[in-house]
Amino acid sequence: MEFVNPEGLRLDGRRPMEMRQLRAEIGVVSKADGSAVFEMGNTKVIAAVYGPREVQNRSQQSNDQALVRCEYSMANFSTGDRMRKPKGDRRSTEISMVIRQTMEACILTHLMPRSQIDIFVQVLQADGGTRSACINAATLALADAGIPMTDIVTSCSAGFLNGTPLLDLNYVEDSAGGPDVTVGILPKLDKVTLLQMDSKLQMETFETVMQLATEGCKAVASYIREVLLENTKQLESRRGV
Amino acid sequence: MAGKLGAAAATYSPSTGQRRKRPTIQTGSELARPDGRGLHQCRPAFLKTGAVNSASGSAYAEFGNTKVIVSVFGPRESKKAMMYSNAGRLNCNVSYTTFASPVRGQTPETKDLSSMLHKALEGAIILKSFPKTTVDVFALVLESGGSDLPVITSCASLALADAGIMLYDIVASVSVSCIGKNLLIDPVSEEEVHQDGALMITCMPSRNEVTQMTVTGEWSTTKINEAMQLCLDACSKLGKIMRSCLKEAASAPQD
Amino acid sequence: MAAASGTNDLSSEMELDAFRRLFPLSFHERHLLESIRPDGRPLGRARDTSLSLGAVASANGSALAKIGCTTMLAAIKLEVMTPTVEAPDEGCIAIDFHMPPICSPLIRPGRPAEVAPVISKQLSDTILSSGTIDLKELCLVSGKAAWMAYLDIYCLDADGALFDAALLSAVAAFSHLQIPVVSLNDDGRIVLVSEENGGSMKEKEPVNKEKIKLKMNSQPFSLTCILHKNYILADPISEEESIMETYLTVVLDTNYQLVSLNKPGGPGLASTSSIQDCIALAQKRVKELQQILSEAISDMEVD
Amino acid sequence: MKEREEENFVTPGDILGKALELKPGYGAYFSSHDKTIYASLTGFRSITPAPIDSEDQRATVEVKGHKAHGPVPEPGVVVTARVTNVMAKMASADIVCVGPKSVKEKFTGIIRQQDVRATEIDKVEMHSSFRPGDIVKALVLSLGDARAYYLSTAKNELGVVSAKSAAGATMVPLSWTEMQCPLTGQTEQRKVAKIDAV
Amino acid sequence: MDIERAGGRGANQLRPIDCSRDVLSRAHGSASCSHGETRVLAAVFGPKAGTKKNENPEKACIEVIWKAKTGLIGKIEKEFEMILKRTLQNICLLTVHPNTTTSIVVQVVHDDGSLLPCAIHATCAALVDAGIPLKSLAVSLCCCLNESGQILLDPSKLEEQKMKAFVCLVFPSSVHSITPEESTPATTKSTEQEIITSLTHGIMAVDDYFHCVDQGRAAITLLSNILKKKMRSQSADNSSKAA
Amino acid sequence: MVGLSLGEQTFIKGGIDQDLRTDGRKRLTYRPIFVETGIIPQASGSARVKLGATDVIASVKAELGKPNPSYPDKGKVSIYVDCSPTAEPSFEGRGGEELSTELSSALERCLLGGKSGAGAGIDLSSLCIVRGKVCWDLYIDGLVVSSDGNVLDALGAAIKAALSDTAIPKVQVSANAPSDEQPEVDVSDEEFLQFDTSGVPVIVTLTKVGGHYIVDATTEEESQMSSAVSVSINRLGRICGLTKRGGAGLHPTVILDMISAAKHVSEQLMNKLDSEIAAAEACDEMES
């Protein structure tokens, strides 16, 4: 299976270093405190944030910081073959935990003690890189909900096929069995909060692939800043300031 | 000992279970029904309260081949997880025995039936007469002979009356199947499989109010009107039978 | 007995059933002093038992057993299975005991009762080891097809001595079982030779001749007794079982062989003499139950 | 008796009368949209004429007899409960009987520190008022919260009715704060109910 | 005729019993017991606060979890759990820690016949190791019956399946008073040991059952001495550990 | 709804009595409907419907399957609704399951007609490829993204839009297939056949609050409902399904005039919906 043809183009016509088309929209779910849709190419994810609100079960309540909870679920029609997976299967629980830990690191939880913040992520269309899209959508939703964060968290994935590092893999490239590096960074503080990789990769190529993914995250960060700026301008104009 | 874990062995039922052909129109417009009833004639109903001694109230109902037992527990403490509510709560659960339908293992969606039963009964119970507590209504279908939900609902309202729970009125429920032009009341399972449309009404006979109604298939408004009238008459007849059954149980309570 | 006397000045004016709920043990022991039980039965007598066969139309064999208020409904459905390699000419029996939420306030729809699997195992052990059903009777075509009998027992009302009622309903269901006439059609599947188109079907000579009943040799019957101090209470109701937790179940078959004797612990101890008394009570009970079963079969044949 | 039973027997939904000349009592309810009174229980209709002096001359109609549902604790009823747990600020108990009748399944009640007795309520020592296993007579204050009813023993005839001593014998009440074990003679602190020897 | 038994054992000769305590570090009390090839590991956690749903808060509550060697929890495990729980209710002092739950996990390492007795001995040793107050130890054994009515003690798995029937009995361990002899021996002899638990499988005559009970009773004192010796030898060294 | 204060409840009821609801609408007017089709490229057909703040997505996937032995000449359709936790925090984990089973059974009752398939919105026999052997199985999946009342009508409209956007590939059956086992079928991915969705009914839910009934109720109004009747009516004015959900009893005559009111309202809704779908299809072609 030839992922990079001789002229250096990938199956969907992108260059190895090229991101998929990004699109974001804020405030799609009116009843949620904060919500956002994030699209990376065909992967489309919607995130809603409820909170800070009263803790549901007392046992998990901690009196010095907020409790962050997250649930990741895939729509039945989100992948190619229609699968009816039961709710709590292993993959979704794992991804929920990854998103929860990543977002918990960047939220200033000590400012909202004895409260609970729910992050719900629903995948509408899965075409590779769902984990990164979810984190980007969650960041936007948290920003929309006005929850204080040290820095926005952006995430992107990168791989290594036919000897060339590829940025932002889609489903076909992802399931080709090659390595898949997912990176989550705090762009302004330049810190890495999430780093996941599966299958084997030499050390030096890992360096370049990770560097590529970090570049991808920075690109996503600038796009997200633009969208947030645009959204705040709209809020301003709507309030007639 | 091999017999014990035979469950895994794939077994099949020898009955050919050949598809009973669609009940065709015979002898003029009269449709021949498998058990020879008239079109607008319900199956003979046998009702009895106090079937289960360890329940607060219970009832057993037998409409032709459909046999159902309902027990009512409560009003008792709600589950810990429930929020405080100053009106009482109703909790319904329907389950089937493994030998209920002729072919083993073909039990219909019980979660759906439980929520339908809950919707049928909640309009008839005076919930504010037992604040903060819960009344549990559990139904077991011993044999599924067709139009199971109406039989379960009528039997459940009898069990509630037997348990001494305050009701606005007892609840009677009847269903009608439409095959071609004909309306068949209280259909058996063979007729239900071939029905083009179905209408089920749950009503409070003496207050003449409908607590639940479902319609499937294509109906014109006149057809719906006719079917509703048919069902409401059948419901009031069934209501009388239920009241006499309660009277029997009251006059001879020590049987 | 200071505890009982201490409270009697208090209990005189307290409502009877309040006293029964607050001090259950002293309430029951006061009855045991006059060797009578709260529902008026002497210690050794079982509750009145009734049996009706053929309660479920859609099953091949069924029975409804009632001991006092405890009610059990057993139904057997026959399906065809390919026998195992090591036992080519033997069918098999799958026994399952269910306690639906209708039978007792303690059972919630979500969580099954934890006593149900225990009774289910004891039932299958007793029926299989008592040899009352010879598995070879269930064979159709040796090596190719045999009957699998699915016996499902539902407890409709749980008021003590569940095992006795369940075993009675299972034995009655087997005695009512009617094996349908079947034949082997060409593609190797067993199919019903149903009466009305029996003739028109391709002339398949039926594998098993006429609608045969299952030959049952010795049938097992059981009696559960409660051992409390040196009293023996036969056939306890659920309240007695929950207060005095030591019980002993004796299963005897029709020629009085001991099929199983089961005393699963509990606070009380069983001396040899008390076990002998229980076995004597059980022998008397087996006669009664045999009588009830034969009556049920005879009036079932008549209608 | 037979004919009285015949026409007086009612089931839920039977019309008992017009709202103009009847007031609904226990087992009957008033339905606003057609101004009639319906029965809500199965039993026998019984009409009690209104007391002379009350301004509303309408008789009250009630449904008596057959089988009322298991008793449910409601505010203002004296219940008998068994103490299961004693904490610093409150004691939890299982309500076993509502008035004279025993309940089919237990309800949970709480006796808060401020409801134990009527005098100096903040100096109440819970562990010297109740012990797990005591039988207590208490008044239902309110429906309480989602988990339990609020009970009170702030009257003389409320409090511990029967308690077991450390030695296991049922203790004899000495005063409204002490009970004594007949075997060992040891006295224990309790909030004792004053049972007037009837 | 005296049938030949695998391993050349006599009719009522027991297989070698080994019982070692304190084998698991995280459990409050643990023990491993083996009868010949059959080996069972038992661990005790508790007493923990609170009682389960419809348990009596006045008394301590015992919860048993039976883990088979392989496979899921089926009906057999559920039955063993109930039997072990009710047997322990007999020998534990339930009124000492009211409103608490003691959970006991039994893990079957290998099953070569008379599994229940081995599990009961392991559990008793684990309870002793956890320092839970007991009325007495429990002593248990299986005896099986062949067609000719001959009784064999402590059958192996093969013998259990081959034989016509088998009986499993549990007795309280023999009363051994260390006070000087003024308690006349008669008191210990006259109360011939009563049965805590008895389970039978397979058809047998009534008096065959009573023969088995007598055989079992005869072997109690022997068995309880072996068990006590095993436990004593270990408590010597770990009392130093506890000090 | 966390529970409205008494003041808010009487405010809502009073408004409805004077035919002026909290958001200014009349009793029988709908909130603005916004339809978008073809949003799930991998599905055979999909649509997203926004009814005020309620936002649902429906997708139709066609897969080859074996027809039901008792109806060899008809395809199979199954409807499954999923409530996403984004709509309501209480839908987290298994919370939304009860509502989704209720919505699925209501939709199946309204759209698929009787067991024999008569009166179904979709002509099932057009789904059959080889009688008794191969047919199309339609999996209709609904997802509730944001819920502000009247979710059932929004789902009904979304399914109708998704079906009109559905493209079923043309199928050739190779003739030489042996009779009994599965014939090979090759699916061409160029030419597709569209569905005629004129027969698909539209669902109108009438919610009774106090003395009057209203259409397209928001969550606050739904919390005040005494009872609700959902009627599904097709273009010919025939009733294809009815569900009276929960709450107090209704006099039969009240139900009959609710049905006639629903018929009257459904015509406007049908036209509005068809124009929206046509617009969405147009801009959909323009995009792809």
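Student: What makes helix α2 of chain B, residues 148-162, close to its expected reach?

Tutor: α2(B) has 15 residues and runs 21 Å from first C-alpha to last, close to the 21 Å expected at 1.5 Å a residue; the expected span is 1.5 Å times one less than the number of residues. Helices are DSSP runs of H or I with at least four residues, strands are E runs of at least two, and both are numbered from the N terminus. This is a predicted model: local features need pLDDT of at least 70, side-chain atom pairs need 80 or more, and totals for chains, interfaces and linings use all residues. Residues count from 1 along each chain as its sequence is written, while chains are lettered from A and ligands numbered from 1 in the order written.

Student: Why is α2(B) called largely enclosed?

Tutor: Because 15 of its 15 residues are buried. Buried means 20 or more other C-beta atoms within 10 Å of the residue's own, exposed means 12 or fewer, and partly exposed is in between, with C-beta atoms placed from the backbone. After α2(B) comes B:Gly164, with a positive phi near 80 degrees.

Student: Chain A has four helices and nine strands. How do you know that chain A is as compact as a globular protein of its length?

Tutor: Its radius of gyration is 18 Å, close to the 18 Å from the globule rule for 241 residues, so chain A is that compact. The radius is taken over C-alpha atoms, and the rule is 2.2 Å times the number of residues to the power 0.38. Also, 44% of the 241 residues of chain A count as buried.
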